Amino acid sequence: MKGEVARRQRVLRVRHVQHAMAAAETARARDEAEGLARNVERLRNVRNDLFTGQGVATGANFAAMQELAGRLEQAGRQLDGALYDARRKVEVKEGLSLAANRDREIAVKLKDRARADLEEWRENKLAALPRYRRMQRTGDV
């Protein structure tokens with residue numbers, strides 16, 4: 001019976017570590033997605049600011065600004081794709097974290113049940129002893 005409790009305790013420790021790792025991976029994925037979102041917003045701001053505040057623009061300057069705006073737009077589309085992938089990754093990691101948490105909770109319940117079974121077994125074993133042995137074991141002599 002003691003072995004069962006020890007096994008359950010080991011499983012619980014493993015499940016706890018797995019849950020902690022899953023939570024860390026989820027946080028890392030969220031940070032990555034938030035960083036990409038900030039970059040997308042910064043890129044949009046740069047593109048919007050490109051044509052504001054300009055005085056009279058020559059044809060060469062205007063062509064250069066259009067070229068830069070096109071490149072910024074293309075980079076923005078690429079970042080949008082990366083942001084979509086990062087958000088999907090966050091959803092997957094959150095699912096893994098929930099599964100790890102569920103497994104950890106199951107391990108806690110199994111360990112508690114094994115501990116309760118051990119205590120019940122000990123009490124039944126003690127109750128099965130003759131009265132004088134029980135008094136010797138508990139110190140009621």
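The side chains of Arg-122 and Glu-119 meet in a salt bridge, 3.5 Å from N to O. A salt bridge here is a side-chain nitrogen of Lys or Arg within 4 Å of a carboxyl oxygen of Asp or Glu. This is a predicted model: local features need pLDDT of at least 70, side-chain atom pairs count only at pLDDT 80 or more, and totals for chains, interfaces and linings use all residues. Side-chain values use heavy atoms, with hydrogens and water left out, and residues are numbered from 1 along each chain as its sequence is written.

Arg-122 and Glu-119 are three residues apart in helix H2, so about one helical turn separates them. Helices (H or I, at least four residues) and strands (E, at least two) are DSSP runs, numbered from the N terminus. Arg-122 is partly exposed at 36% relative accessibility. Glu-119 is partly exposed, also with a value of 36%. The cut-offs are under 20% relative accessible area for buried, over 50% for exposed, and partly exposed in between (1.4 Å probe, protein chains only).

Elsewhere, shared partners join Glu-4, Arg-7 and Arg-8 into one salt-bridge network. Side chains of opposite charge can pair when their charged atoms come close. Arg-7 and Glu-4 are three residues apart in helix H1, about one helical turn. Arg-8 and Glu-4 are four residues apart in H1, again about one turn. Glu-4 is partly exposed, with a relative accessible area of 26%. Arg-7 is partly exposed at 43%, and Arg-8 is partly exposed at 27%. A search of the whole structure finds ten salt bridges. Three of them are tabulated here.

| Salt bridge | Closest N to O distance |
|---|---|
| Arg-7 with Glu-4 | 2.5 Å |
| Arg-8 with Glu-4 | 3.0 Å |

Next, the nonpolar core. A nonpolar core is a set of buried Ala, Val, Leu, Ile, Met, Phe, Trp, Tyr and Cys residues joined through side-chain atoms within 4.5 Å. The largest one has seven residues: Ala-29, Ala-33, Leu-36, Val-40, Leu-83, Ala-86 and Val-90. H1 and H2 are the elements that give two or more residues to this core. H1 gives the most, with four residues. Val-90 touches Ala-29, Arg-30 and Ala-33, leaving aside residues up to four places away in sequence. Such a contact means heavy atoms within 4.5 Å.

Thr-26 also lies in helix H1. Thr-26 is buried, at 4% relative accessibility. With residues up to four places away in sequence not counted, Thr-26 touches Lys-93, Glu-94 and Ser-97. The C-alpha atoms of Thr-26 and Ser-97 are 7.2 Å apart, although 71 residues separate the two along the chain.

Last, the pocket. The largest pocket has a volume of about 150 Å³. On a 1 Å grid over the protein atoms alone, a pocket is an open set of points where a 1.4 Å probe fits, with protein on both sides within 12 Å along at least five of seven lines; lining residues have an atom within 4 Å of a point. Points are joined across faces, edges and corners, and the volume is the space filled by probe spheres set on them. Helix H1 (2–50) and helix H2 (59–128) are the elements that give two or more residues to the lining. Among the lining residues are Val-40, Arg-44, Arg-47, Glu-73, Arg-77 and Asp-80. By class, the lining has three nonpolar, two polar and five charged residues. Val-40 is also listed in the largest nonpolar core.

Terms used. Ala, Val, Leu, Ile, Met, Phe, Trp, Tyr, Cys and Pro count as nonpolar, Asp, Glu, Lys and Arg as charged, and the others, Gly among them, as polar.
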